[in-house]
Amino acid sequence: MQELVIEGGCRLQGELTIQGSKNGVLPVLAATILCAGECRVENCPRLRDVDASIAILRHLGCCTRWEGGALLVDTTHMDKNEVPDALMREMRSSVIFLGAILARQGEAALSYPGGCELGPRPIDMHLAALRALGAEIEERGGTLRCRARVLTATEIVLPLPSVGATENAILAACGAEGTTAIYNAAREPEIAELQDFLNAMGAQVCGAGGSIVTVTGKRALHGGTHRVIGDRIAAATYLCAAAACGGEVRLSGVDCRALSPVTAALYEAGCAVESGVEDVFLRSGGRLRAIHPVRTAPYPGFPTDAQPAMMAALLRSAGSTVFVENIFENRYRHAGELSRMGADIRVAGRVAVVSGVPSLHGASVKCTDLRGGAALVLAGLQAEGTTRVSQLEHIDRGYESMERELALLGARIGRREETQWQERGTIEDADGEGTPSS
Ligand code: UD1
């Protein structure tokens, strides 16, 4: 078992190039199976969720190989249409393979993704969209069996702008005769990214980024090359880290327009922020002030995925900040762990009130989920003494070596295997050899 060991109290200083987007690359990898050919996915982040997608692709009969930072996927010999339970459990968003397998094979079987650390995560909208396109879906013993001899274009109205349901509907509609319109589609940048990749493969998808997406299906798709966008949530996490610790950081490789709810909140909290097109600079004195309520909302609102990092940034602020979580029911599980470090957080249902405390102290804490785990690391960076963060499998789902990135900014952080402890400025590379971090 591994843990992150953090000696708090360092200012953060320096520059980072932001990793490719986790939520951007996952639907792109599912989309590769719509063609029978070779796709090249550049700037592909090396994450546990990407490994899980690779395992699914391989199980389906596709070949994958890394070429530097690019993942090559050859879907020519895909010959299976079911995803076993063990692979589905690895990553809950594996459900986006459903629409793609259905469009390619006319049949798909996978296990129900089930509940989640963020509360119930139903897929009723995914299934309703596929049924509207003509799929027959049977749910038996935790397995979903979908069949559609033909998929036919239709109008799909999503009750909520669900990111995953929009992606599944777009992927399945690529296999449907005619033009499908998806109303109340999610407007996240990752939907536009999926549209760009599909169009590079020869599909005809329009309107992503807005509320109505149209897909003209049954076009002959071919392999394509795609560069994954920068991860706006990883960028938000590192900005919140610098805001909380104090210092000056510049992040590049991320579309700053997509970060604006987060940068606006950090500005309100007292940071200087300058956004370019693909880079953002932040300076912080390290003592923030409380801000207006942070209400999470679908894009372009405040992202639910950045809520835990923002909460961590405000733990030592002057005053109290109210958080209202509107997307997921159970997204404050990190609050209990943060309290072990001296944070003052009161949670009541969807509302959490963070009252700034003069100081935090190091503690042993456990990641409860991906973004909550990142919040614990951010708290450890500001705490007095040593913090140990365990259950890193959550963090590794979405951050490409978070400790390496933070060490590059001057944080005293290392990943420890048993008794190994890396000194300041030293990180562990893939071969286990220490490498200077700057
Ligand atoms: C995606 C992101 C996740 C992010 C979330 C919201 C990926 C891999 N994950 O998750 O990081 O936090 O968007 O921005 O891209 N819902 C239903 N029925 C459904 C589908 C969703 O009720 O069939 C509800 C969910 O329970 C939730 C809300 O809709 O309350 C939004 O969820 P959704 O946008 O679907 O999130 P994901 O696609 O799972």
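This is a predicted model: local features need pLDDT of at least 70, side-chain atom pairs count only at pLDDT 80 or more; totals for chains, interfaces and linings use all residues.
Leaving aside residues up to four places away in sequence, alanine 272 touches Phe281, Leu282 and Arg283, with contact meaning heavy atoms within 4.5 Å. Glutamate 248 is 24 residues from alanine 272 in sequence, and their C-alpha atoms are 9.3 Å apart in space.

What they cover are the buried residues of helix 9 (residues 260-268), namely Pro261, Val262, Thr263, Ala265 and Leu266. After helix 9 comes glycine 270, with a positive phi near 115°.

Now for the ligand. There are 19 residues around the ligand, and Asp124, Met125, Ser162, Asp305 and Ile327 come nearest; a residue is near if one of its heavy atoms lies within 4 Å. By class, this shell has eight nonpolar, six polar and five charged residues. Here Ala, Val, Leu, Ile, Met, Phe, Trp, Tyr, Cys and Pro count as nonpolar, Asp, Glu, Lys and Arg as charged, and the others, Gly among them, as polar.

Which polar atoms of the protein lie by oxygen atoms of the ligand? Isoleucine 327 has a polar backbone atom 2.5 Å from a ligand oxygen, and methionine 125 has a polar backbone atom 2.7 Å from a ligand oxygen. Asparagine 23 uses its side chain instead, with a polar atom 3.0 Å from an oxygen of the ligand. The protein covers 83% of the 740 Å² of accessible area that the ligand has on its own, with areas from the Shrake-Rupley method and a 1.4 Å probe (for residues, only the protein chains shown count as cover).

Helix 5 (124-132) and helix 6 (163-173) each supply at least two residues of the ligand shell. Helix 5 gives the largest share, three residues. In helix 5, Met125, His126, Leu127, Ala129 and Leu130 are buried. The buried residues of helix 5 pack against helix 4 (97-105), strand 8 (136-140), strand 9 (143-147), strand 11 (155-157) and helix 6. Helix 5 is followed by glycine 134, whose phi is positive, near 110°.

What about aromatic rings? A pair of aromatic rings is described by the distance of the centres and the angle of the planes. Rings of Phe, Tyr and Trp (its six-membered ring) pair if their centres lie within 6.5 Å, and planes under 30 degrees apart count as stacked, over 60 as edge-to-face and the rest as tilted. The count comes to one aromatic pair. Tyrosine 238 and tyrosine 399 form this edge-to-face pair, at 6.4 Å centre to centre with 70° between the planes. Tyrosine 238 lies in helix 8 (residues 232-245) and tyrosine 399 in the loop between helix 13 (395-398) and helix 14 (402-408), so the pair ties together parts that are 161 residues apart in sequence. Both tyrosine 238 and tyrosine 399 are buried.

A few backbone details are left for the loops. The peptide bond from tyrosine 299 to proline 300 is cis, with omega near 10°, and proline 300 lies in the loop between strand 20 (294-295) and helix 10. Asparagine 184 is not a glycine, yet its phi is positive, near 60°. This asparagine 184 belongs to the loop between strand 13 (179-183) and helix 7 (189-200), and is partly exposed at a relative accessible area of 31%. Glutamine 391 also has a positive phi, of about 60°, without being a glycine; its loop runs between strand 25 (386-390) and helix 13.

Key:
Residues are numbered from 1 along each chain as its sequence is written. Side-chain values use heavy atoms; hydrogens and water are left out. A polar contact is a pair of N or O atoms within 3.5 Å; within protein, one must be able to donate a hydrogen and the other to accept it, and residues adjacent in sequence count only if both atoms are side-chain atoms. Helices (H or I, at least four residues) and strands (E, at least two) are DSSP runs, numbered from the N terminus. Buried means under 20% relative accessible area, exposed over 50%, partly exposed in between (1.4 Å probe, protein chains only).
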